[in-house]
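Biologist: I am new to this structure and would like to go through it with you. Could we start with the sequence and the model on screen?

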Amino acid sequence: AELTKEEAFAAIDEYKKKSENAKAIQLSLKPGLDIFGIELPDHKEMRDTERDLDLMSQIWNLSSEWDSVWDKWRGGLFRKLDVEEMENQSGVYTKTIGKLRREIAAWGIWGAMKEKIEQFKQTLPLIQDLRSEALRPRHWANLKKEINKEFDPESSTFTLDNIFSLGLHNYAEFIGEMSANANKELNIERSLADIETRWADVVIDIAEYKEIYFKIRS
């Protein structure tokens, strides 16, 4: 059965104590061995055990930290999520886990941790699309119609957890296209607003020419 975090940390602490006791017993033999000019044996198994316990502490601490970070994100107000921070932090965890690959890739906890991060990173594009400043009420209305569910993305209770409970991750392609179109529309709106601003103070002097048509004089 898979260990819980509490069980894992308890087991690690227990084995660390056993390792420390064994090391203390080993060192207590040194004075007696010195009398006979015998060197204290090098116990490779003990060093390997200490190294493994240190690696276990590292990966389980990483797992515990990630769970805390994820709980904070998924329970946080969706419209206030910092997507850039989420991307950066998940990148740091990915690098840290990658550095441990050579030593503990065969461990179940390492594989589980790697899978958690990869699954989260796969949802980042969805989160980025839904957090786009270009989305307007009409876009949200289209999304609600597509999934046939009602929700309020501006609600003070709308969290990242709601994104998954609504099943929006199953509509990633639709949302990606919707967000892309919304961004194009926003760019057009901004371009038109810029043109309007540029021409707002321009005075055009138009005069009649040869009683046939008009032309700009200045």
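Biologist: Where does Asn148 lie?

Modeller: Asn148 is in the loop between helix H6 (137-147) and helix H7 (160-165). Helices here are DSSP runs of H or I with at least four residues, numbered from the N terminus. This is a predicted model, in which local features need pLDDT of at least 70, side-chain atom pairs count only at pLDDT 80 or more, and totals for chains, interfaces and linings use all residues. Residues are numbered from 1 along each chain as its sequence is written, and side-chain values use heavy atoms, with hydrogens and water left out.

Biologist: Is Asn148 buried or exposed?

Modeller: Asn148 counts as exposed, because its relative accessibility is 70%. The classes are buried for under 20% relative accessible area, exposed for over 50%, and partly exposed in between, with a 1.4 Å probe and protein chains only.

Biologist: What is the phi of Asn148?

Modeller: Asn148 has a positive phi of about 60 degrees, although Asn148 is not a glycine.

Biologist: Next, Tyr171. Which residues does Tyr171 touch, not counting those up to four places away in sequence?

Modeller: Tyr171 touches Glu146 and Ile147, where contact means heavy atoms within 4.5 Å. Tyr171 itself sits in the loop between H7 and H8. With a relative accessible area of 27%, Tyr171 is partly exposed.

Biologist: Let us turn to charges. How many salt bridges does the count come to?

Modeller: The count comes to 13 salt bridges. The rule asks for a side-chain nitrogen of Lys or Arg within 4 Å of a carboxyl oxygen of Asp or Glu.

Biologist: Which side chain meets that of Asp67 in a salt bridge?

Modeller: Lys5 does, at 3.8 Å from N to O. This pair links distant parts of the chain, with Asp67 in helix H3 and Lys5 in helix H1 (residues 5-28), 62 residues apart. Asp67 is buried, with a relative accessible area of 17%, whereas Lys5 is partly exposed at 28%. Leaving out residues up to four places away in sequence, Asp67 touches Lys5 and Lys116.

Biologist: And which residue forms a salt bridge with Lys23?

Modeller: Lys23 is bridged to Glu50, and their closest N and O atoms are 3.7 Å apart. Lys23 lies in helix H1 and Glu50 in helix H3, so this pair ties together parts that are 27 residues apart in sequence. Lys23 counts as partly exposed at 38% relative accessibility, and Glu50 counts as partly exposed at 28%.

Biologist: What about Asp48 and Lys44, where do they lie?

Modeller: Both lie in helix H3, four residues apart, which is about one turn of the helix. Asp48 and Lys44 form a salt bridge whose closest N and O atoms are 2.7 Å apart. Asp48 is partly exposed at 23% relative accessibility, and Lys44 is partly exposed with a relative accessible area of 47%.

Biologist: Which residues are linked in a network of salt bridges?

Modeller: Arg136, Arg138, Glu185 and Glu189 are linked in this way.

Biologist: Now the surface. Which residues form a nonpolar patch?

Modeller: The patch consists of Ile188, Leu192, Ile195, Trp199, Val202, Ile204 and Ile206, with about 700 Å² of accessible area together. Patches are made of residues with over 30% relative accessible area and no salt bridge; like charges are joined within 9 Å, and nonpolar side chains (Val, Leu, Ile, Met, Phe, Trp, Tyr) within 5 Å. Accessible areas come from the Shrake-Rupley method with a 1.4 Å probe, and for residues only the protein chains shown count as cover.

Biologist: Which helix gives the most to the nonpolar patch?

Modeller: Helix H8 (residues 172-200) does, with four residues. Trp199 is found in helix H8, and at 53% relative accessibility Trp199 counts as exposed.

Methods:
Helix = DSSP H or I, 4+ residues; strand = E, 2+ residues; numbered from the N terminus.
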